[in-house]
Amino acid sequence: MSASGSSPATDGIGGRELAVFISIRTILLVGVAVALAWALASVGHVLLLIFVSIFATAVFSPVADLMERKLPWSRAVSSTVLVLGVVVLTAVVLLILLQPIVDAVRNFNDNLPGLVDEARHSDLGGLINGGSNSLDTLKSHSSAITGGVGTVSGGLAHVGVSAFGAVTVVFSVTFLTLFGLIDEPRVRASIGGLLYRDKRERYEQVTDRIVTTTSRYMLGNLAISVICGTVYGVTAVILGLPYALALALIAGILDIIPNIGSLLAGIIIGIVALSVSLFALIVFVIVILVYQQVENYILQPTIIGRVTHVSGFTVIVSVLVFGSLFGIIGAIIGVPIAAAIEIVLDEATTSRRARIAAADAGG
């Protein structure tokens, strides 16, 4: 197959003809690549579920191994008990949080107009309002804000439709993780059986390092979440905010999202603080700003970077890159992905680095 055209020569002697030939094989390969890309895009949500399940399997695999060694249970029983325990714990946390969140929304609706009016007559409110009239504007729209919140609260009946899809996703990930934990040793052994002994040993070492790093990363992330929930919960108790335990749990859960999770939790708790007093809101905003800096630049690079043996720079870059590509899930799993890539590259370049070191020593 060819395409040709002519153009006048620059030297004035004559024209030159350019012919381009594209083989049938090339056209077929391009067509197959386009069809494959379209198919992957159409099932992208399914691939994401599978990827999350693989990540969860890597996180819980060391725990299942420990249970299998320490308890008189088989791999299937250990995996089932572990997954059911995580599901039950998650359900208990949701039950604890449901009623406080509903009550907090109601309190916000009831107290917002009075709080705005109180803020307008305070010294700080007078200073703010004198420069921009922002509090007057907020007061004039407070009824619309509470009406909007009420509409959202009244629309909770429609959440059931979306919740059905969420429940389907949860069940899919749960069972995929369960089956992954049960079959993980067999699958790794099957893949290792296709390799010769020297390559099999390297494969087992690399996979062990990746699984261990992923599991330890989540433990480090959970440790930071406990710190965030403790700081925000203690602050809520000191300021006299309602449902301090629930607010601490909200902060701990959202803080699993690196870098921005504590800020999201702070915004939610700030709304509850606003339902108490303007002073409580100001104090909590200060706590949010200080803790956000401490977590982003001290806790995250130090704890997670040390656990996964990844530099603090790589931690922040991986969170930003994978978060922009895959959203919240990408932000959570970005660091272990970066650590896994670093492990594979380190193993692939070991022999080369050894030869270079020997040459440097000889020189």
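I'll start with the charged residues. Asp65, Glu68, Arg75, Glu184, Arg188 and Asp208 are linked in a network of salt bridges. This is a predicted model, so please take every value that follows as computed from predicted coordinates. Across the whole structure, a search finds eight salt bridges.

Arg75 and Glu68 meet through their side chains in a salt bridge, with 3.6 Å from N to O. How accessible are these two? Arg75 counts as buried, because its relative accessibility is 8%, under the 20% limit. Glu68, at 32%, counts as partly exposed.

With Arg209, the side chains meet at 3.6 Å, N to O. Arg209 lies in helix H8 and Asp346 in helix H12, residues 312-348, so this pair ties together parts that are 137 residues apart in sequence. With Arg353, the side chain of Asp346 forms a salt bridge at 2.8 Å, again N to O. As for accessibility, Asp346 is partly exposed at 31%. Arg209 is partly exposed too, with a relative accessible area of 38%. Arg353 counts as partly exposed at 40%.

Now the chain as a whole. The protein chain has 13 helices and two strands. It holds 363 residues, and buried residues make up 31% of them. Taking the contacts with a separation of 6 or more, 63% are between residues 24 or more positions apart. The accessible surface comes to about 22000 Å², and carbon and sulfur atoms account for 72% of that.

The largest nonpolar core has 23 residues, and the members that touch the most others are Tyr232, Leu241, Leu247, Ala251, Ile269, Phe284 and Tyr291. Which elements give two or more residues to this core? They are helix H3 (75-120), helix H8 (197-239), helix H9 (244-254), helix H10 (261-274) and helix H11 (278-308). H11 provides the largest share, six residues.

Leaving out residues up to four places away in sequence, Leu241 touches Ala236, Leu247, Ile269, Val272, Ala273, Val276 and Ala280. Apart from this core lies another, of 13 residues, including Met218, Ile332, Ile333 and Ile337.

Val276 is partly exposed, because its relative accessible area is 34%, which falls between the 20% and 50% cut-offs. Val276 and Leu239 are 37 residues apart in sequence, and their C-alpha atoms are 8.7 Å apart in space.

Back to helix H8 for one more residue: Ser215 has its place there. Is Ser215 buried or exposed? Ser215 counts as buried, because its relative accessibility is 7%. Setting aside neighbours within four places in sequence, Ser215 is in contact with Ala58, Val59 and Pro62.

From the inside to the surface. Ile282, Ile286, Val290, Val294, Tyr297 and Ile298 form a nonpolar patch on the surface, and together they have about 550 Å² of accessible area. Ile282, one of these residues, is found in helix H11. At 33% relative accessibility, Ile282 counts as partly exposed.

Last, confidence. What does the protein chain average in pLDDT, and what share of residues scores at least 70? The average is 74, and 71% of the residues reach at least 70. Confidence is highest in H8, at a mean of 85, and lowest in helix H6, residues 142-154, at a mean of 44.

Two stretches should be flagged by number. Over residues 1-12 the pLDDT is below 50, and beyond near neighbours in sequence this stretch has 20 contacts in the model. Over residues 144-164 the pLDDT is also below 50, and the stretch has 11 contacts in the model beyond near neighbours in sequence. Where pLDDT is low, the predicted coordinates should not be read in detail.

That's what I have; questions are welcome.

How values were computed:
Residues are numbered from 1 along each chain as its sequence is written. This is a predicted model: local features need pLDDT of at least 70, side-chain atom pairs count only at pLDDT 80 or more; totals for chains, interfaces and linings use all residues. Side-chain values use heavy atoms; hydrogens and water are left out. A nonpolar core is a set of buried Ala, Val, Leu, Ile, Met, Phe, Trp, Tyr and Cys residues joined through side-chain atoms within 4.5 Å. Buried means under 20% relative accessible area, exposed over 50%, partly exposed in between (1.4 Å probe, protein chains only). Helices (H or I, at least four residues) and strands (E, at least two) are DSSP runs, numbered from the N terminus. Contact means heavy atoms within 4.5 Å. Accessible areas come from the Shrake-Rupley method with a 1.4 Å probe; for residues, only the protein chains shown count as cover. Patches are made of residues with over 30% relative accessible area and no salt bridge: like charges are joined within 9 Å, nonpolar side chains (Val, Leu, Ile, Met, Phe, Trp, Tyr) within 5 Å. A salt bridge is a side-chain nitrogen of Lys or Arg within 4 Å of a carboxyl oxygen of Asp or Glu. pLDDT is the predictor's confidence in each residue, from 0 to 100.
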